[in-house]
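Hello,

Here is the structure I promised to pass on to you. Please open it alongside this message, and then read on for what turned up in it.

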Amino acid sequence: MVESLDSDNVKHRKKTTLSAIKMLGTPYLCAFYVATAGLQGASLGSDEEEIVLLIYVIIDMTQNKIVGMQQHIVKPSKVDTKDNDENVLSEQITTETSLTDDLVRNSGVLLETAIKQFDGYVKSLNIDPTSPLFRLVTDGQLPLRQCLHPEASSKNIELPEYYNVFHDLRKDFRTFYNVPNDQELSSITHLVKYLRMTHTEDPQFPVAELKDMINIIQRLIADGHCFSTPETIQLKLEPGICWKDEEVDNNCVVRARGLPWQSSDLDIAKFFRGLNVAKGGVALCLSPQGRRNGEALVRFINQEHRDMALKRHKHHITNRYIEVYKASGEDFVNVAGGNNNEAQAFLTKGAQVIVRMRGLPYDCTAKQVIEFFEAGNEETSCKVMDGEDGVLFVKKPDGRATGDAFVLFANEEDVTKALSKHRELIGTRYIELFRSTTAEVQQVLNRTMETQQPPAPPPIPPVSFLPQHIITSGTRKDCIRLRGLPYEASVEHILEFLGEYAKNIVFQGVHMVYNAQGQPSGEAFIQMDSEQSAFAAAQMRHHRYMYFGKKQRYIEVFQCSGEDMSLVLSGGIPVPTAPVSPVGKTLLSPGNTILTAPHFAPTPGGYAPYPPPTILSPIGGARAPPPAFAPSFAPVLYWACPSPPVSPPHQPALVIMQRTPTPYAGHHEVTNFIHSVSEWSVDYLAPSHQFSSLTLNTLGMHSAAA
């Protein structure tokens, strides 16, 4: 319990406080109470529920009395999507306050409206809320950091500046009364009990807890506390550099997963709005190929902010939920840390923003990059900071260009103009532009300068499956990458999703990607017949929905090159280049195996197969000699669904017959032929006319084989 304060000491504190007040002017404190439609107390804001109640109580510190109070019932946006008989409010909020569902539906206003109404009200009292003499006081960190700021950010509401500075009543209480750290002060009730105050109820206050909060604030003022050390909420992500030998606190880092591929450091900082991220504290994780992989490591200024960040687990960026887990300081340094002298010189120039360029011609110069950004009118022309010194080309250890570069800009206005040039041309190459970070610069340069080869992947145990044909390569962006596919999606679902653009898929051009456990990864690569076809498909199908039974998933579609696809599908292993026959080239798998066509001998009853299909290796030669009889019809080709790491043999695949076993074979003969191959367990068989809407009618028979 709090010890009795010496009367002379109390008088001295009061006198000091009043003297400071007279010198500065009349200060005001505003007790700020927030309630959401969901959980309250220590879990406030953790369920991502919207705000439904805001209460402001203004106290004149010189007179230590209440001079104004405002209550705003807020109508959450989800009300419009719920039926009238569905509950809007949780049982907890209806118990602790006087709110009801009908009151919120009929009397609530939008959050932005409520904020504007209070701003007008406080100014009507001749109080300047932007003055340092006006401060909000909250019960803990959650009302502002976990509720108001995240929701305002997601709804693009610009909050007045006075919401960025506040007093945490619990911290001020502990400091002023020298409360031991092991003494729990996790609620207003604990503060009331510590001071041995009497809990009083007042019908003027719609929430009993708020009356106790006002009593404690007035007690602090009466005892001489001047509320001089406020908390601040950081709105701007500040740049910073992390070095390999830097020690980062293990209790200050989280890992965010499931981020949209195009997320920048600002998007991630916006997701954690209300929490203070350390300088240079967002490190976007890259795949082995140097592309962003949907993960990021985020470093906060202290453990308190890290713990609040963990409570945003499965909160959303648009309609994607983001997973948030604990990470170590070593994890952060491994991603963001660097020791490259060139990077250090580049990153210490004081630029506000870094832009990453991708797809540059290999002979591109810094002068061409500067001209690229300076071209255009006043709305698009921008200046690279420090001229040619503001351009850093990414090179391989042998000095060869990679087609990537980082460019510095002095302010946000310039970077907005710079990013507007996304997909414009340098020569004949269109250039991709992305907002970047110091951590990404370090990460990319660290990887490109490593001379050691990455360790070889563990050997994949041999499995019996139809191998994939050779994967394309090259820098022409004639492929598309699909992300977010349902795990149950098959080739047919992809073709249906692409619609009219499926006609531009090359033969054997669909590649499903599986993870190391042989499970679908939710990604696929599609080879198109031209860059224009790939561009059109990516533009028109990006963020469209794929319907799978009663489910629907929005799919991300990106244009990419054969080289990009090859690196992912082959795990970074170069495509084999051993000389093979023309037929072999169409059947070559990344595992150096060729599948020959099944051989059949004529019998009076029809076509009976010889032993299972022979596997030929371009390195080791034939494993078994082919039978003497081999008909002249075209081989059975495999539509390459699995790709390394390979899928188990039970994964679905599509088998395509270029033409029938004999010129006059009907459906019955073809069915017998398909079922005659012992390795194929056929689940579905249909003639080509059923796929006419997918423009596959030129391929003959189709069979989905498990």
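Let me begin with a definition: a charge is taken to sit over a ring if NZ of Lys or CZ of Arg is within 6 Å of the ring centre and within 35 degrees of the ring normal. Arg541 meets this description, as it lies over the face of Phe497 at 4.8 Å from the ring centre.

Before the rest, a word on confidence. What you have is a predicted model. Its mean pLDDT is 78, and 73% of the residues reach 70 or more. Two stretches call for some care. Over residues 1-6 the pLDDT stays under 50, and the model has eight contacts for them beyond four places in sequence. Residues 686-706 also have a pLDDT below 50, and this stretch has 59 contacts in the model beyond near neighbours in sequence. Where pLDDT is low, the predicted coordinates should not be read in detail.

Now to the mixed sheet. Six strands make up this open sheet, and their order is E3-E2-E1-E4-E5-E6. At the edges stand strand E3 (65-73) and strand E6 (231-232); each has a single partner strand, so one side of each is left without a neighbour in the sheet. Further in, strand E1 (residues 28-36) and strand E4 (residues 134-138) are paired in the parallel sense over four bridges. Helix H6 (residues 169-176) touches E4, strand E5 (165-168) and E6, and its direction makes about 55° with that of E5. Helix H8 (residues 208-222) touches E1, strand E2 (51-60), E3 and E4, with its direction at about 155° to that of E1.

Helix H6 also holds Phe173, which counts as buried at 0% relative accessibility. What does Phe173 touch, leaving aside its neighbours within four places in sequence? Its contacts are Val179, Leu185, Leu191, Tyr194, Leu195, Ile216 and Leu220. One of these, Leu185, is 12 residues from Phe173 in sequence and 9.1 Å from it in space, C-alpha to C-alpha.

A search of the whole structure gives 14 aromatic pairs. In one of them, the rings of Phe134 and Tyr162 have centres 5.7 Å apart and planes at 85°, so the pair is edge-to-face. Phe134 belongs to strand E4 and Tyr162 to the loop between helix H5 (142-154) and E5, so this pair ties together parts that are 28 residues apart in sequence. Phe134 is buried, with a relative accessible area of 1%, and Tyr162 counts as buried at 5% relative accessibility. Another pair is formed by Phe373 and Phe409: their ring centres are 5.2 Å apart and the planes stand at 80°, so this pair is edge-to-face. Here, too, distant parts of the chain are linked, with Phe373 in helix H13 (residues 366-374) and Phe409 in strand E14 (residues 401-409), 36 residues apart. Both of these Phe residues are buried. Finally, ring pairs join Phe32, Tyr56, Phe118, Phe134, Tyr162 and Tyr163 into a cluster.

Strand E14 leads on to another sheet. This open sheet has four strands in the order E13-E14-E12-E17, with antiparallel pairing. Its edge strands are strand E13 (391-395) and strand E17 (432-436), each of which pairs on one side only. On average, neighbouring strands are turned by 25° against each other, direction ignored. Strand E12 (residues 353-358) and E14 run antiparallel and are joined by six bridges; Val355, for example, has Val407 in E14 as its bridge partner. Helix H14 (residues 412-419) packs on the sheet against E12, E14 and E17, and its direction makes about 155° with that of E17. Helix H15 (residues 438-449) packs there as well, touching E12, E13, E14 and E17, at about 35° to the direction of E13.

Strand E8 (residues 277-286) has nine of its 10 residues buried, so it is largely enclosed by the rest of the structure. E8 runs antiparallel to strand E9 (residues 292-300), with five bridges joining them, and Val277 has Phe300 in E9 as its bridge partner. Five residues lie between the two strands of the hairpin, and Gly290 in the turn has a positive phi of about 85°.

Best wishes

Note on methods: Residues are numbered from 1 along each chain as its sequence is written. This is a predicted model: local features need pLDDT of at least 70, side-chain atom pairs count only at pLDDT 80 or more; totals for chains, interfaces and linings use all residues. Side-chain values use heavy atoms; hydrogens and water are left out. Two strands pair if DSSP finds at least two bridges between them. Contact means heavy atoms within 4.5 Å. Axes are lines fitted to C-alpha atoms, for helices over the stretch in contact, and angles run from 0 to 180 degrees between N-to-C directions. Rings of Phe, Tyr and Trp (its six-membered ring) pair if their centres lie within 6.5 Å; planes under 30 degrees apart count as stacked, over 60 as edge-to-face and the rest as tilted. Buried means under 20% relative accessible area, exposed over 50%, partly exposed in between (1.4 Å probe, protein chains only). pLDDT is the predictor's confidence in each residue, from 0 to 100.
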